Amino acid sequence: MSNFVPNEIKKFNPRVPPWIDKHLKSKLNKKNRLNKNYKKHGYKDADKVRLDLFREECSIAIDKAKNDYLKRLGDKLNDSNTPQKVYWKIVSKVLNKCKTSLIPPLLINNEFITNCKDKATHFNNFFSNQCKIIENGSILPAFFYFTDKRLRDILVHDDRIISLIRSIDPHKSNGPDLISGQMLRICDNSIIVPLKLIFTNILRTGHYPATWKQANVTPVFKKSNKQLVKNYRPISLLPLCGKIFEKIVFQQLYSYLTTNVLITNNQSGFRPGDSTTNQLLFLTNEIHECFEQKNSIELRAVFLDISKAFDKVWHEGLLFKLQQNGINGNLIRFFESYLQNRQQRVV
C-alpha cells in the first residue's frame, strides 16, 4: 500500500473541538504570535493592551462558533427529514460516546488491575494456559488406513481465489499483518497471481508462513462477573490472506472426506446443512421409539460436556487421524507446519 497507493499523512488533534474552523485557528495562531511578541519585547504595556483586546475578540468568536455549531446540531435533531444514521451520529457526539476500554478492572489474586497493558498480559496468560495439553501418557494406537483413497495435494484455482476475495467483508478487522479486507477488494484481479504463487509454494513445500500463524486476540465477555478473566472467551483475528488459503484447503478436504464417507453421520457440528436441530430431532425420535416399545422398562441418557474441548486438541492424535483418512505427502506436512509454533497477543 505504501509503495503503490497514492497517500499522504494528515495529523489531527482529537482535543480540538469540532466548532474550531480554519478562520478561528488563524485567529488563535495570531493570538499566540502576539503573546510571544509580548514576552519577546519585554512585556511592554502597549503589547499587553493589544494582546488583551485580541484575546477578548477570540473568546467572543469561539463562543459564537460554539453556539452556532450546537444550534445546527439541534436543528438537525429536530428536523424530521434527518436520516436515521445522521441522527444517531449527532446523538453520539452530544453524549460524548465513551472510547475507552470496555474491559472493567480485573480482579486478580484479590487485587484490581486497571492498567490496559496489565489486563492484556493477564488475559494472554490465561488464554495460552487453556491451550496447554494435559500430559497423561497417551500413546497412539496401531496405524491402519480407513480407506484406500488418498489426498496428497490441494488444487488452487483462480476463480476460487477471486470469489473469496470479493466475498470479504470490507469492514472486517484485519490481523497482525495490517492487510485489510478493503485493500484486498480494491486489488481484486491484480492480486490473484501473487496469492496463487504463495498458496502453491505452501502446498509444494509443506511449510506454512510464520507471519500467518500470528493472531490478535480480543477478549469477549461470556457471562457472570465481568471482572473475572475466566468469564471471557478469546476471538482471534488472523491475517485475511491466510484465511482465504484456509478456506481453499477446507473446501477440498471436506469434499474428499464426505465423498468417501469418512465422517460419521453422528457428527453434526461444523458441517454445512447440519446442526444441533438435527441432533435434537434424532434424540427425540429415539426417546419416542423407546416409549412405544412394549418391552421397554426404562430409558437412560448420558450427556458429556468436555470443557475446553477445542482448546486442548491433541495435535499428534489429530495428524494421526488425518493420515488414517488418507491425507499424506506434502499435504500432511502442511497440516503439521500449520499447527506448530503459533503465536498470539491480546489487544
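**Core packing and aromatic contacts in the predicted model**

The largest nonpolar core comprises 35 residues, and those with the most contacts inside it are Phe199, Phe245, Ile327, Phe334 and Phe335. At least two residues of this core are supplied by each of helix 5 (158-166), helix 7 (192-205), helix 8 (240-259), helix 10 (315-324) and helix 11 (330-339), and the largest share, 9 residues, comes from helix 8. In general, nonpolar side chains of soluble globular proteins tend to be buried together. When neighbours within four places in sequence are left aside, Ile327 is in contact with Leu151, Leu253, Tyr256, Leu322, Ile332 and Phe335. A second, separate core of 11 residues includes Phe123, Phe127, Val217 and Tyr232.

These descriptions rest on a predicted model, in which the protein averages a pLDDT of 89 and 97% of the residues score at least 70. Among the elements of the protein, the highest mean pLDDT, 96, belongs to helix 7, whereas the lowest, 82, belongs to helix 3 (residues 84-94).

Helix 11 is followed by Asn341, whose phi is positive, near 50°. The charged end of Arg342 sits over the ring of Tyr338, at 4.6 Å from the centre of that ring.

A search of the whole structure finds 21 aromatic pairs. In one of them, Phe143 and Tyr145 are arranged edge-to-face, with 5.0 Å from centre to centre and 80° between the planes. Phe143 counts as partly exposed because its relative accessibility is 41%, and Tyr145, at 39% relative accessibility, likewise counts as partly exposed. The rings of Phe245 and Phe334 have their centres 5.4 Å apart and their planes at 80°, and this pair is therefore also edge-to-face. The latter pair links distant parts of the chain, with Phe245 in helix 8 and Phe334 in helix 11, 89 residues apart. Both Phe245 and Phe334 are buried, and both belong to one aromatic cluster formed by Phe199, Tyr208, Trp212, Phe245, Phe334, Phe335 and Tyr338. Elsewhere, the charged end of Lys226 sits over the ring of Phe221, 5.4 Å from the ring centre.

Two polar residues were also considered. Lys27, which is found in helix 1 (residues 22-40), has a relative accessible area of 14% and is therefore buried, the cut-off being under 20%. The side chain of Lys27 makes a polar contact with the side chain of Glu57, at 2.5 Å. With neighbours within four places in sequence left aside, the contacts of Lys27 are with Phe54, Glu57, Cys58 and Ala61. Asn260, in the loop between helix 8 and helix 9 (276-292), has a relative accessible area of 21% and so counts as partly exposed. The C-alpha atoms of Asn260 and Asp148 are separated by 9.7 Å, although these residues are 112 residues apart along the chain.

Methods:
Residues numbered from 1 in each chain as written. Heavy atoms only, no water. Core = buried A, V, L, I, M, F, W, Y, C linked by side-chain atoms within 4.5 Å. Buried < 20%, exposed > 50% of the residue type's maximum accessible area, 1.4 Å probe, protein only. Helix = DSSP H or I, 4+ residues; strand = E, 2+ residues; numbered from the N terminus. Contact = heavy atoms within 4.5 Å. pLDDT = per-residue confidence, 0-100. Phe/Tyr/Trp six-rings, centres within 6.5 Å; stacked < 30°, edge-to-face > 60°. Lys NZ or Arg CZ within 6 Å of the ring centre and 35° of its normal. Polar contact = N/O pair within 3.5 Å; in protein donor to acceptor, adjacent residues only side chain to side chain.
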